[in-house]
Amino acid sequence: MADAMSIVPSSVLRNIVDKLYEKRKNAALELEGIVKQLAQAGEHEKISALVNLLVTEYTYSPQANHRKGGLIGLAAATVGLTSRAAQHLEQIIPAVLNSFLDQDSRVRYYACEALYNIAKVVRGDFVVYFNQIFDALCKLSADSDANVQSAAHLLDRLVKDVVTGSDQFSIEEFIPLLRERMNVLNPYVRQFLVGWITVLDSVPEIDMLGFLPDFLDGLFNMLSDSSHEIRQQADSALSEFLQEIKNSPNVDFGRMAEILVRRAASPDEFTRLTSITWISELVKLGGDQLVPYYANILGAILPCISDKEEKIRVVACETNEELRAIRADPAEGFDIGAILSAARSQLTSEFEATRLESLHWIATLLARHHYEVLTYLSDIFNSLFRVLSDPSDMVVLLVLDIHACIAKDVQNFRHLVVFLIHTFRSNHMLLEKRGALIVRRLCVLLDAERVYREFSEILKDESDLNFASIMVQALNLILLTSFEMTNLRNLLKQSLMNPAGKDLFLSLYSSWCHSPMATISLCLLAQAYHHTSAVIQSLGEEDINIKFLMQLDKLIRLLEAPMFTYLRLQLLDPSGFPWLLRTLYGLLKLLPQQCAAFKILRTRLKSVPPQTLFSGQARWRSSGNPDTQILEITEDGGNEHDHSGSIQNSIDFAAKLQQFENVQNQHRMLRKNLQSPLRSITSTMSQIKISEELRSPVAVLEGSRPPSRSSNANPVQLQS
């Protein structure tokens, strides 16, 4: 230390810490000259001692003026060393960088000035300290003092100029520091970082594109900055990188895809748009490289399909189609399970478009990888069934297509119907609102007969009798009214004519017994009028309630519809179909006289031409009342026209009637166990909104039931 003090005159050391700028300037010039002489003489030990003096006694001094003087002295010494300064930078640079953290803003300012002068002298030699210098500049860019910020900006420009022209800069060593600093939120630091990224990317020798995934997330984070200038700078940098990817797509698509997927869910609209645009380009460019990331990409695209911003929706839809058009194989890393999981997770989206596209993906996977998808059936089955309650008809129809595709397998078909029945049992509102749509669509996709047979097979053993009755009534109404059921109805009309019709009739009958009106409707379709009449006669007084009458009202109106044209035409031949007349008169007698259905049916029966009646089967006779006639039917006319031959005779209608009565007895016992007759009437009247046409006095029901079945010896008499 004594040698250093003897080298430099005390006046120089005193003036370099003086308050006056002129004294400091002159002292720095003298110090520069001293160092230059020592350098020329090769006295590097003395120079080192001098530098050590400036560092230890001045730059680390507790007095601010001494710290300023030390920085000025170090800069002057470096200038004096000129080309020989490199070997002393190890002493000089750390001391200057330490001063960047000084509490005194003027010291920080002098540190910037000193490093600026040092950099001008040593140029590329100080690049080995670049990371420390960059870290210091990064902090100074957000300095609270405007003068320090200004000095830091000047130094920053010089450092950029030096680094971009140096072959000693190591991008590999710099990237970890850059990645760490990209998470800083300070706007000044962000501008500083984007500036460096842009500058380094402009240097052909520096491969910033290869390290893009390391700082890509940080750039996307800046797109939502409150400063418009920062957003613009980040967007400009991203646009430049995207163009470079298009021209030379030799980058890590996978790592970038992971970043972009996260940013696609950003609450910031501009960030979402930029990320989905990038994803779109990567899907086009990446090809096979992105196969393992398809599930993540799909998870990002699907929500954007319903984005509130139209531009995002358009790009997302285009990207979705691009992704779906790519045919990848599981052997190539295509994870079917992950794709299904991504699609399934969006089935609960509040947006219809997203739910639809999720289902389209499941349908696409089923079409391309049917057996592989079935292995994940347990994971998606419940989710697919929940979609049946979706408020959108389009969504419900599409999920039914998927269910139908799955149900092509016999085992899965039964599973589907069982699950449907379970769902309807637990959600009566779904049955009421969507039951018809679901059943009709499945009948189109999977064959109506197959669907109805399976429903019937399961429902005949249903333990919840109330639900069984409701479900059968719903299926029966669909059968009677839906266009899709035309072939099924035509087959049932042949129940007494060919084995196929008979087999279907018997298959449905077992479950249709849960509802008297459904059973009557089924028998009318099958033209089993003799049995229909027997079913009506078997009804007990407790069966004729408000619900029954409302269902009967619907049936009477349906009898006037096109599907029952054959039945109405058969009334032209009452002698050929006498049990049809008895059936219709039986229904008429069940209806309150003041309701519209009674008037409709009575009008229809009045149109029957009495002159066509033949003796021996049915005939009219006077009752003594000029306004009333009695229809007499003898049992030997019970087979209608015997066009059915052995088919009709092979059906054990007596056993079927017994089956119907047994099932109805179970329903009666259930009703008795659940509530008393008085509570039953009160509950029924309070829960069911009765139409005005059915609100007639209870007295009209007296004597309305048909008489019990007669023997062959006695004719049956029905009053008209």
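This is a predicted model: local features need pLDDT of at least 70, side-chain atom pairs count only at pLDDT 80 or more; totals for chains, interfaces and linings use all residues.
## Aromatic pairs

The structure contains 20 aromatic pairs. In one of them, Phe134 and Phe192, the ring centres lie 5.1 Å apart and the planes meet at 40 degrees, so the pair is classed as tilted. The two residues are 58 apart and link distant parts of the chain, with Phe134 in helix H8 (residues 130–140) and Phe192 in helix H11 (residues 187–201). Phe134 is buried at 0% relative accessibility, and Phe192 is buried at 8%.

The pair of Tyr294 and Phe334 is edge-to-face, because its planes stand at 75 degrees, with the ring centres 6.1 Å apart. Tyr294 belongs to helix H16, whereas Phe334 sits in the loop between helix H17 (310–325) and helix H18 (336–345); the pair therefore ties together parts 40 residues apart in sequence. Tyr294 is buried, with a relative accessible area of 2%, and Phe334 is buried at 8% relative accessibility.

## Aromatic cluster

Ring pairs join Phe130, Phe134, Phe169, Phe174, Phe192 and Trp196 into a cluster.

## Packing of H16 and H19

Helix H16 (residues 294–304) packs with helix H19 (residues 352–368) at an angle of about 145 degrees, and their axes are 8 Å apart. The crossing of these helices is right-handed.

On the H16 side, the contact involves Leu298, Leu302 and Pro303; on the H19 side, Thr354, Glu357, Ser358 and Trp361. Of these residues, four are nonpolar, two polar and one charged.

Definitions and conventions: Residues are numbered from 1 along each chain as its sequence is written. Side-chain values use heavy atoms; hydrogens and water are left out. Axes are lines fitted to C-alpha atoms, for helices over the stretch in contact, and angles run from 0 to 180 degrees between N-to-C directions. Helices (H or I, at least four residues) and strands (E, at least two) are DSSP runs, numbered from the N terminus. A crossing is left-handed if the near helix is turned anticlockwise from the far one by less than a right angle, and right-handed if clockwise. Contact means heavy atoms within 4.5 Å. Ala, Val, Leu, Ile, Met, Phe, Trp, Tyr, Cys and Pro count as nonpolar, Asp, Glu, Lys and Arg as charged, and the others, Gly among them, as polar. Rings of Phe, Tyr and Trp (its six-membered ring) pair if their centres lie within 6.5 Å; planes under 30 degrees apart count as stacked, over 60 as edge-to-face and the rest as tilted. Buried means under 20% relative accessible area, exposed over 50%, partly exposed in between (1.4 Å probe, protein chains only).
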